[in-house]
Structure formats: structure tokens, C-alpha cells
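Reader: Hi! Could you walk me through this one?
Author: Happy to. Here it is.
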Amino acid sequence: MNAISIKNLKKTYATGVHALKGVSLEIPSGDFFGLLGPNGAGKTTLIGIISGLVNKTSGNVSVAGFDIDKNPENGRMTIGVVPQEFNLSIFEKVFDIVVDQAGYYGVPRKKAFVSAEKYLRALGLWEKRDQKAIALSGGMKRRLMIARALIHEPQILILDEPTAGVDVELRRGMWDFLTKLNSEGVTIILTTHYLEEAERLAKQLAIIDHGEIIEKGSVKELVKKLDIQPFAFDLEKRITAETLSHLREFDARALDEDTIEVRLPKNRSVNDVFHAFDRGEIRVKNMRTSANRLEELFLNLTKKS
Amino acid sequence: MSAEKLWICFYTIVRKEIIRIFRVWTQTFVPPVITTTLYFLIFGNLIGSQIEAMNGVSYVEFIVPGLILMSVLTNSFQSSAIAFFMAKFQKSIEEILVSPTPPWIIVAGYVTGGVVRGVITGVLVYLVSLVFAPVSLSHIGSVISFFLLTSIFFATLGLINGVYAKNFDQISIIPTFVLTPLTYLGGVFYSISLLPPLWEGLSKLNPILYMVNGFRYGLLGTSDVPIGGSALFLFIITACALWLVFRLVKKGTGLRA
Ligand SMILES: Nc1ncnc2c1ncn2[C@@H]1O[C@H](COP(=O)(O)OP(=O)(O)OP(=O)(O)O)[C@@H](O)[C@H]1O
Ligand SMILES: [Mg+2]
């Protein structure tokens with residue numbers, strides 16, 4: 001069954017902005033789904049409609065098989081949402097916030113106490129349980145919102161840029177946490193600007209831009225579509241106009257004074273690049289793949305449309 | 001959702017609201033007690049002793065019901081208006097919006113929160129009034145129905161205000177420019193039979209008049225208006241207000257873009 005099924009979804013805000021222009025998506029149960037797109041692409045709008053925070057203009061959405069028009073409450077029962085912006089009652093205590101959230105799903109308080117401890121511990125917030133939300137750091141608030149979203153044990157967890165403003169170490173912790181959750185059967189939908197994040201976590205990806213899905217598929221499929229691979233070379237000598245001209249066929253550009261980036265089409269071999277270096281008598285100290293592959297893909301895809 | 005789950009949703013909203021009201025007790029319960037004490041002192045004792053009996057009761061007794069009801073209605077209104085607006089302002093209302101809690105439970109929860117604050121304030125003011133005028137509860141049925149209906153009605157209006165409000169100013173406009181004048185002109189401090197016919201007629205268009213008089217009847221057995229009709233009228237406008245706010249919340253007015 002599909003966790004989420006969206007057909008020709010459109011959203012025009014009161015301001016006249018066409019935030020979604022006919023989006024269709026199927027997200028199977030158990031998937032780890034990445035939604036990638038630049039600022040203003042429509043990610044938060046899409047998530048808002050799925051979770052009941054934004055009214056759609058037209059189209060159909062069903063959540064866990066329940067149409068959000070006919071059966072909004074049944075669908076919401078199965079979702080947990082971690083929003084992009086903080087939406088905590090800042091004067092409430094951490095523990096109360098999580099327990100009250102369970103209440104809105106009809107979970108009895110006693111049972112909620114147990115789950116609250118479980119998830120606050122899992123997210124490293126148990127020591128902070130008696131603090132008011134206002135006293136938490138940004139990263140802690142973000143984790144509190146994750147704990148809050150999980151308190152009723154939803155089948156689907158939707159996270160809107162959960163790692164924004166979270167340091168590298170915590171981010172990795174969060175990745176492991178989400179991966180584990182997904183392996184336990186929770187469908188995860190995640191929007192992100194961090195492309196590394198999507199590539200590491202997601203099984204399937206959709207790329208959204210200007211309110212349209214411009215590409216979707218498995219991460220592998222999408223990477224295959226990438227027809228160029230950038231490489232960076234550290235050179236022994238400074239880069240000159242002549243150096244660049246030797247590598248013109250590879251779209252070379254200087255990243256800094258002695259690092260050059262070349263873009264290698266899939267049908268060419270790295271050997272061809274080395275031949276070009278040899279011809280120019282350019283010595284290479286070191287070589288690595290440049291920019292994240294998915295990032296490159298992403299840039300390609302959004303540029304085309 | 002099952003009845004039990006719905007009850008938990010409702011209980012969660014109300015519980016959270018009651019805790020909030022008590023956490024800020026210096027802003028919720030202390031001011032009305034101080035203001036009404038001053039009213040009783042100045043209008044009741046100092047000036048009231050110079051005024052002859054009104055509708056057959058002493059002036060200080062006469063103003064007790066209106067002053068109680070005045071604090072009930074302003075506090076019920078403010079409570080739900082502020083609670084809902086704050087939840088919108090902090091976006092914590094999204095906690096409920098993403099949940100399966102149905103709109104009618106959201107309405108019931110916030111209105112009940114407002115009623116709780118209104119009722120507690122009313123009881124406190126009644127206790128204060130006992131110091132100045134030993135008013136008994138002559139018609140307990142009228143006391144309870146007018147007290148509760150007024151509280152529910154104004155908690156609902158407060159919620160409507162909270163739904164529409166886009167900033168803090170917009171939740172003080174109605175209390176300042178509508179509620180306070182209507183309350184003062186609603187027969188809290190005088191019997192409308194003292195007014196010239198034109199003003200007496202105009203006063204009868206003011207819904208607060210019927211609440212104050214119904215409640216005064218409950219406490220003192222005297223009223224400027226028929227009681228049964230007033231109760232029915234109050235019941236009908238309360239039902240209409242509840243229906244309206246339910247429609248607004250269901251539609252997502254001021255909540256969902
Ligand atoms: N409440 C609103 N009223 C009017 N326009 C809105 C509203 N919310 C979003 N928009 C507009 O809709 C478009 C999509 O916004 P959305 O927030 O969905 O983008 P996003 O992909 O989440 O961006 P970001 O990565 O910056 O979070 C933007 O043009 C935005 O200005
Ligand atoms: Mg967004």
C-alpha cells in the first residue's frame with residue numbers, strides 16, 4: 001500500500017502565488033523518501049497539505065489510504081510531523097509538550113508518560129525534561145519536535161528540513177536515528193537542502209522546483225541520469241590560462257590557484273584527462289571526485305527547467 | 001475516534017489551558033478582584049449610601065449581580081481570545097491541527113477553558129461582594145443558567161476574536177470598544193426604568209442587559225426584563241455563536257493558508 005498518494009495537487013495562495021502546479025507522487029509504505037528542492041520550491045506547502053496545515057486548491061491526497069477530504073482524522077492519526085519552523089509553546093516544559101501531544105491523538109496520559117520517556121531518552125533530551133522549551137538550544141528544540149512527532153507511534157514520519165541548524169555530530173546521530181526508525185518499518189519523508197543527507201538516507205527521491213516535480217525515482221536511477229562527473233586535481237604549479245586551455249574539452253575551471261576542476265562526460269575515460277595533462281606537461285599531485293554527485297545532479301536538473 | 005479518545009483530546013486542551021490560567025494568576029485572578037473591590041467600595045459604600053433604594057433593594061446590593069457578571073464576561077472572553085491567539089502566534093496550534101482532534105473538540109476545549117476562568121473569577125468576585133452586601137442566591141436555577149450561559153457565550157465570542165485576530169491589538173479592540181461600553185450601558189449600575197423612554201428602548205437592544213437582569217433576578221428576585229424570554233434569547237445566541245466558531249475552525253479561517 002502507498003503511505004502517501006498525491007494526484008495532480010495544486011495550491012495557489014491568497015497572494016496569487018502558485019506554490020504547487022499539479023504534483024503527483026506515490027510514496028510506498030516503508031520508504032525513506034527524500035524531497036529535494038531549492039528555497040520556495042513548494043516543499044513546505046506540499047507537506048502542509050499532507051499534514052493538514054494548508055488547504056489545497058485542487059487535486060487528491062490520501063494518507064495511509066484515507067482521502068484527506070473524506071477522512072482527514074484517520075489519515076492524521078498515522079502521521080507525525082516535524083515542521084521546518086519551531087512551533088513549540090515556549091513556556092511549556094519539555095515533558096509536558098510531548099505528553100500533551102499524545103493527548104491530541106487520544107493516547108491516555110499514563111501511556112504517554114512511558115512513550116515520552118522512551119523518545120526523550122532516544123533523542124537525548126531526558127535530562128531536559130523539566131525545562132521550558134524557551135530554555136532549549138535550537139538543536140534541542142529540533143529534537144524535541146522529533147520526539148513530539150513520534151509520541152503516538154505514527155506509521156509515517158514527515159520531517160521538513162530536520163537538520164537545519166544542527167551541528168555535524170548531532171546530524172549524524174539524527175541520521176542513524178532515522179535510519180533505524182525506517183528499518184523498523186516507519187515510512188519517512190524528509191525534505192532537505194543538504195544533498196549529502198538525501199543521498200545517504202533516501203531510497204527514493206523527488207526533486208521539486210517552482211511547484212513541479214521535475215524528476216523522481218530511486219537514488220541510483222537518478223545518479224545514473226547524471227551524465228557528467230566532476231573531478232578535482234591539485235596541481236604542482238599554479239594554474240594559468242594555458243593550463244585551462246589544455247583541458248578546454250573537459251570544461252575545466254580553477255577552483256583555487258592550484259586546484260582545477262574538470263567535468264568528465266560518462267562516455268569518456270579518466271585516462272583522457274591524464275593524456276591532456278601529459279600533453280601540457282602538467283603535474284598532478286592529487287585527485288578526488290569533486291562536488292557531491294547528487295548535488296551536481298540536482299543543479300543540473302533545476303537548471304534545465 | 002472513539003468517545004474515550006475524544007475525551008482525552010478534550011481533557012488535554014482544557015487541562016493545558018487551566019494550568020496556563022493558574023500559572024499567570026496575577027494577571028488572571030488578581031485584577032478583577034481588585035477592580036470589583038474598588039467598585040464596591042466607591043459605588044457601593046461611599047456613593048451608594050447616598051443613593052436611594054433601586055428596584056426595592058439597597059444600591060450596593062443592586063450592583064452586586066452586574067459586577068459579578070461583568071467580571072465573568074470579560075474574563076471568559078479574554079481567556080479564550082488570548083489562549084487561542086497565543087497558540088496561533090507561537091504556532092503551537094499546529095500541534096492540534098496536525099492531530100486527529102476534530103474541530104468541535106478544539107472549540108469545546110477552548111470554550112471550556114474560557115468558562116473555567118470566567119466561573120472562577122465570578123465566584124471570587126461573589127465572595128468579595130459578601131463583605132459589602134450579604135446577597136443570598138434567591139433563585140438558584142436562574143443564577144446558574146445565566147452565570148454559565150453568559151460565560152459560554154463570551155468565551156465563544158473570545159474564541160471567534162482569537163480566530164480572526166492577526167495581532168495583539170486585535171484582541172483588545174473588541175473588549176475596549178464593544179464589551180466595556182455595552183456592559184456599562186447594560187444596566188449594571190442602574191435600572192433602565194430610570195432612563196428616558198428613548199434610552200430605555202435603545203438599552204433593550206443590548207444583549208448584556210438581559211444577562212445582567214436575568215442574573216440579578218437569580219440573586220435578588222428583581223429584574224427589568226422577562227426572565228424566561230431572556231434565558232431563551234441567551235441560549236439561542238450562544239448556540240449561534242458556537243455554530244459560527246465551529247464553522248470557522250473547521251474551515252481553517254485564520255489557521256490554514
Ligand atoms: N502562507 C503563505 N502565503 C502566501 N504564499 C506562501 C505562503 N507559504 C508559502 N508561500 C509561497 O509559496 C511558495 C512555496 O513556498 P514553500 O514554503 O512551500 O517552499 P519550500 O520549498 O518549503 O522553501 P524552503 O526550502 O525555503 O523552505 C513560495 O513562493 C512562498 O513564497
Ligand atoms: Mg520549506
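Author: Helices (H or I, at least four residues) and strands (E, at least two) are DSSP runs, numbered from the N terminus. This is a predicted model, where local features need pLDDT of at least 70, side-chain atom pairs count only at pLDDT 80 or more, and totals for chains, interfaces and linings use all residues. Residues are numbered from 1 along each chain as its sequence is written, chains are lettered from A and ligands numbered from 1 in the order in which they are written, and side-chain values use heavy atoms, with hydrogens and water left out.

Reader: New topic: which protein donors does the magnesium ion (ligand 2) have?
Author: A:Thr44 (OG1) and A:Gln84 (OE1), lying 1.8 to 2.1 Å from the ion. The two are 40 residues apart, with A:Thr44 in helix α1 and A:Gln84 in the loop between β6 and α3 of chain A. Donors are N, O and S atoms within 2.8 Å of the metal (3.2 Å for Na, K and Ca); water is not among the atoms, so sites may look incomplete.

Reader: How accessible is A:Thr44?
Author: A:Thr44 is partly exposed at 38%, and A:Gln84 is partly exposed at 28%.

Reader: Last one: how many disulfides over all chains?
Author: The count is 0, a disulfide being a pair of cysteine sulfur atoms within 2.5 Å.

Key
Buried < 20%, exposed > 50% of the residue type's maximum accessible area, 1.4 Å probe, protein only.
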